[in-house]
Amino acid sequence: MAMAKLVVLLVALAAAVGSCSAWELNIRMPTARDVEAAAERLEEDVAAPLIHALRPVLGSGGQLWRRAGVPCDSWRLAVEAYNKRDWRMVPAYCERYVGHYMLGGHYRRDSRVVVDEAIAYAEGLKLAGNGKEVWVFDIDETSLSNLPYYATHGFGTRPYNATSFNEYVLEGSAPALPETQRLFYKLIALGIKPVFLTGRTENQRAITVKNLRRQGYASWDKLLLKPIGFKATAIAYKSGERQKLQNAGFIIVGNIGDQWSDILGAPEGARTFKLPDPLYYIG
């Protein structure tokens, strides 16, 4: 609907321009970026509310990337495609770009595409109906968003501060990611049991449960947290927990996370889904 309105607007503009012999003197024709921006604004007007109360107050980075040598959108593509690994921080020149991406409609639209595919896949499954089919969910940046924290800490351009981040976690105020929540309740309706598998530690269990419930999550089957002092990579830890599920007779029909370390390492699950996250990397 929004795009149709935009096309009508451009056709009308073109007609008006065609009737003016000296249009180039007083009318600036819309550039491709103008068209894209207008489409985004129209789409935002009819889209669901943002996932949090924040609003984008920064630009998209302007031409800072030219001095750095790598466009920020290309950097983000390399991150999401798992071509760029083991990075510690978002490049400083991409702070505004990442902020604009996360706080605008782009992040939400990208997440929607992932979840739409996950739901289509789930609806096509033939379940045994014995209560053993489960779907594994990561928590941070998958089920709950820590964007209110990162929006005040440089959108990932500053070194990770475990103390301040854990203080934020203990507030129990992280908002739900609505696209993931849509998948969560669709799975329950289909008879698939959600299992949370997170890198949060056992001493954060109570506040994590409270945060999930505050944000509308309910009826999950298990909440698996990392033992305090556990030493292993995220891939080793999460794949090990999935193996325990499988050994207990559960069938992992799906697995969704924001990090590649959430979905790599056998057994991954029958199918995996990767949500966008340019804020940080966990290997």
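**Cavities, a pocket, a disulfide and a core**

Modeller: The structure holds three cavities of 30 Å³ or more. Bear in mind that this is a predicted model.

Colleague: Okay, how much space lies in the largest cavity?

Modeller: Its lining has 14 residues, with V79, Q259, W260, K274 and Y281 closest to the centre. Helix 5 and helix 13 each put in at least two of the lining residues. As for the space in the largest cavity, that comes to about 100 Å³.

Colleague: And the lining of that largest cavity, how many of its residues are charged?

Modeller: Seven residues of the lining are nonpolar and two are polar. The charged ones in the largest cavity's lining number five.

Colleague: Now the largest pocket. Which helix gives the largest share of the lining?

Modeller: The largest pocket has about 1,100 Å³ of space and 45 lining residues, with Y160, F165, Y280, Y281 and I282 nearest its centre. Elements giving two or more residues to that lining are helix 8 (147-150), helix 9 (162-171), strand 2 (193-201), helix 12 (234-247) and helix 13 (260-263). The largest share is five residues, and it comes from helix 9.

Colleague: On to the cysteines. Is the disulfide of C72 and C94 left-handed or right-handed?

Modeller: The sulfur atoms of C72 and C94 sit 2.1 Å apart, so they pass the 2.5 Å cut-off for a disulfide. This pair links distant parts of the chain, 22 residues apart: C72 is in helix 5 (residues 72-80), while C94 is in the loop between helix 5 and helix 6 (95-103). The torsion about the S-S bond of C72 and C94 is about -95 degrees, so the disulfide is left-handed.

Colleague: Last one: which residues touch the most other members of the largest nonpolar core?

Modeller: That core has 51 residues, and its largest share, seven residues, comes from helix 7 (residues 106-123). Leaving aside neighbours within four places in sequence, F196 is in contact with residues including F137, I139, F184, L212 and W220. The members that touch the most others are V98, W135, L183 and F196.

How values were computed
Residues are numbered from 1 along each chain as its sequence is written. This is a predicted model: local features need pLDDT of at least 70, side-chain atom pairs count only at pLDDT 80 or more; totals for chains, interfaces and linings use all residues. Side-chain values use heavy atoms; hydrogens and water are left out. Helices (H or I, at least four residues) and strands (E, at least two) are DSSP runs, numbered from the N terminus. A nonpolar core is a set of buried Ala, Val, Leu, Ile, Met, Phe, Trp, Tyr and Cys residues joined through side-chain atoms within 4.5 Å. Buried means under 20% relative accessible area, exposed over 50%, partly exposed in between (1.4 Å probe, protein chains only). Contact means heavy atoms within 4.5 Å. On a 1 Å grid over the protein atoms alone, a cavity is a set of points where a 1.4 Å probe fits but cannot get out, and a pocket is an open set with protein on both sides within 12 Å along at least five of seven lines; lining residues have an atom within 4 Å of a point. Grid points are joined across faces, edges and corners, and a volume is the space filled by probe spheres set on the points. Ala, Val, Leu, Ile, Met, Phe, Trp, Tyr, Cys and Pro count as nonpolar, Asp, Glu, Lys and Arg as charged, and the others, Gly among them, as polar.
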